[in-house]
Amino acid sequence: SSSSAAETTHHKVLILGGGVTGVIAARTLHEAGIDDFTIVEAREELGGRMQTASFAGKIIEQGPNWIQGTQTGDGPANPIFVLAKKHSIKTQFNDWFGSVSTYDTSGHVDFLDDFNNSEDDFENLTVLAGARVNASLVDISGRTAYSLVGAKSQNPHARASEYYQFDWEYAQTPEQSSAIASAWGNNFTYDTDQGGFSDDNQMSIDQRGFKALIQLEANEFLTSNQRMLNSTVKTISHSSSGVTVTLTNGKQLTGGYALCTFSLGVLQNDDVVFKPSLPSFKQEAIQSMVMATYTKIFLHFPRKFWFDTEVLSIFGECLLLSLTLFFFVPMALYADLERGRYPVWQSLDHVNFFPGSGIVFVTVTGDYSVRVEALSDSEVKKEVMQVVRSMFRNVTVPEPLDFFFPRWHTNPLFRGSYSNWPPSFASRHLDNLRANVGRLFFAGEATSRKYFGFLHGAYFEGLDMATTIANCIATSNCTDLERFTQITNASPYENN
Ligand SMILES: Cc1cc2nc3c(=O)[nH]c(=O)nc-3n(C[C@H](O)[C@H](O)[C@H](O)COP(=O)(O)OP(=O)(O)OC[C@H]3O[C@@H](n4cnc5c(N)ncnc54)[C@H](O)[C@@H]3O)c2cc1C
């Protein structure tokens with residue numbers, strides 16, 4: 001690389017964004033013998049959406065928290081699981097489906113029958129979706145698929161249970177989501193018969209933060225002049241011979257190639273300006289996928305009064321049973337009359353996580369996340385506390401000592417949490433989302449056909465796209481990745 005008076009620095013490859021995709025792309029180039037690259041990252045640290053906060057004396061996760069799917073026997077391993085083991089990230093098994101306490105507006109109510117039915121309903125949805133793919137039938141929404149398998153979720157208990165199965169993962173409703181891609185999202189990660197890793201989830205409770213796994217990995221190979229932190233990209237000029245990037249501080253960088261790993265939300269919202277503007281096939285792909293939002297709302301109470309403690313008092317005499325429940329019930333599901341209103345609760349004040357911490361968090365998603373982000377903290381806190389008091393109506397619920405939630409949707413470096421695949425997003429749109437435009441390449445969780453939305457999707461895309469770029473450099477010959485200039489299936493009126 002060289003520096004001129006005009007402050008232009010040249011590299012073989014510019015990696016735009018220092019999240020999991022960017023770091024793994026950098027490692028891949030390094031392993032291919034290409035070290036003339038730099039990561040350009042707006043934030044003060046690497047990790048991207050892997051972000052912590054200090055809350056109630058603990059390091060908590062604002063973004064990703066779970067390794068979703070680990071490994072079964074010596075079958076395929078989730079690469080995030082592999083990194084977590086390599087860097088001794090402290091994780092705990094988190095049982096999402098075997099141990100849930102259920103509540104509604106009248107307090108603790110057992111609706112585990114609905115909960116268990118909703119697991120079967122989702123399973124049936126994935127089977128229907130798989131059969132449709134095999135028969136080359138058009139995609140349908142998750143809602144249509146649910147209806148076709150006879151799952152109508154006609155009351156708050158059933159709707160909350162469905163939410164836990166569906167929205168809590170995809171961060172959007174069944175109406176807003178592709179049935180086929182939702183089935184893929186589940187199967188390729190969790191179902192070993194479909195090449196998935198395993199059906200369990202490991203939750204990071206590492207007090208260095210979950211992000212330590214990617215930051216420690218970066219420290220193994222990345223030199224200080226291969227990372228530019230606190231550097232926000234404003235424009236990306238691209239051509240068939242190279243890429244020029246301008247930062248908000250006026251500095252210019254040129255690259256023989258560039259890999260843009262900014263989130264789908266960033267690409268959708270013109271936070272970065274492309275010159276010339278991206279071709280229409282690319283713009284259609286970017287605007288056809290959805291950047292969904294997943295919001296964890298944290299509360300810190302002076303003492304614990306919830307879930308397992310409540311169960312303890314019910315079973316006060318039966319010590320063995322109560323100890324078992326104490327150990328295994330970190331999750332709660334609340335069924336409001338309004339679907340998606342403060343539904344999924346998790347206690348971190350649990351023997352497996354942060355015992356004695358007084359921390360609990362509730363998750364909202366999709367349109368509800370957008371709604372709460374527009375409210376003030378105190379307005380949201382008031383609503384949440386109203387729900388807590390209706391869940392625990394026999395308990396004197398204290399005011400929380402602390403309250404916090406991140407605003408991913410309005411954050412200009414992310415504009416949401418992770419991507420979701422709507423029913424109108426065709427498989428060829430995904431090819432177009434991945435396609436390069438001249439010397440400018442794209443990668444991120446959203447470009448992963450199998451693992452969109454996941455950390456391991458980001459990992460595999462960083463690996464794959466950097467391998468493609470390394471091959472371009474090695475052979476001095478780069479063929480365009482597959483793209484479809486038009487994606488068709490509409491029939492003119494007069495043909496019907
Ligand atoms: C709330 C939440 C919960 C999640 N839960 C899980 C989970 O439990 N398990 C799981 O597997 N996945 C989860 N995910 C998804 C996971 O976090 C993502 O799939 C993954 O982190 C995406 O990595 P990436 O490198 O593709 O993108 P990013 O991490 O977004 O990296 C892109 C980088 O680009 C930078 N950037 C953006 N704009 C600019 C600019 N103009 N100039 C310079 N830099 C810029 C950003 O700061 C960022 O560092 C969750 C995400 C969120 C937000």
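1. Let's start with Thr21, which counts as buried because 35 C-beta neighbours sit inside 10 Å. (A residue is buried if 20 or more other C-beta atoms lie within 10 Å of its own, exposed if 12 or fewer, and partly exposed in between, with C-beta atoms placed from the backbone.) Thr21 belongs to helix α1, residues 20-31. Helices here are DSSP runs of H or I with at least four residues, strands are runs of E with at least two, and both are numbered from the N terminus.

2. A word on what you're looking at: this is a predicted model, where local features need pLDDT of at least 70, side-chain atom pairs count only at pLDDT 80 or more, and totals for chains, interfaces and linings use all residues. Residues are numbered from 1 along each chain as its sequence is written.

3. Who does Thr21 touch? Setting aside residues up to four places away in sequence, the partners are Thr261, Ala443, Gly444, Ala458, Glu461 and Gly462. Contact means that the C-beta atoms of two residues, placed from the backbone, lie within 7 Å.

4. UniProt, in an unreviewed entry, lists Thr21, Glu41, Ala42 and Val233 under "binding site". Its positions follow the numbering used here, feature names are shortened, and annotations may be inferred rather than shown by experiment.

5. Val233 is found in strand β11, residues 233-238. Val233 is buried too, with 23 other C-beta atoms within 10 Å. Beyond the neighbours within four places in sequence, Val233 is in contact with Leu16, Val40, Val245, Leu247 and Val272.

6. Now the ligand: 39 residues surround it, and the closest are Gly17, Gly19, Gly48, Pro64 and Glu445. The elements giving two or more residues to this shell are α1, β5 (66-68) and α16 (455-475). Being near a molecule or strand means having a C-beta atom, placed from the backbone, within 6 Å of it.

7. Helix α8, residues 212-219, has Ala212, Leu213, Ile214 and Ala218 as its buried residues. Among the elements covering them are α1 and α2 (79-86).

8. Finally, the whole chain. Its secondary structure comes to 16 helices and 22 strands, and 48% of the 496 residues are buried. Of the contacts between residues at least 6 apart in sequence, 74% join residues at least 24 apart. Along its principal axes, the C-alpha trace spans about 75 × 60 × 45 Å.
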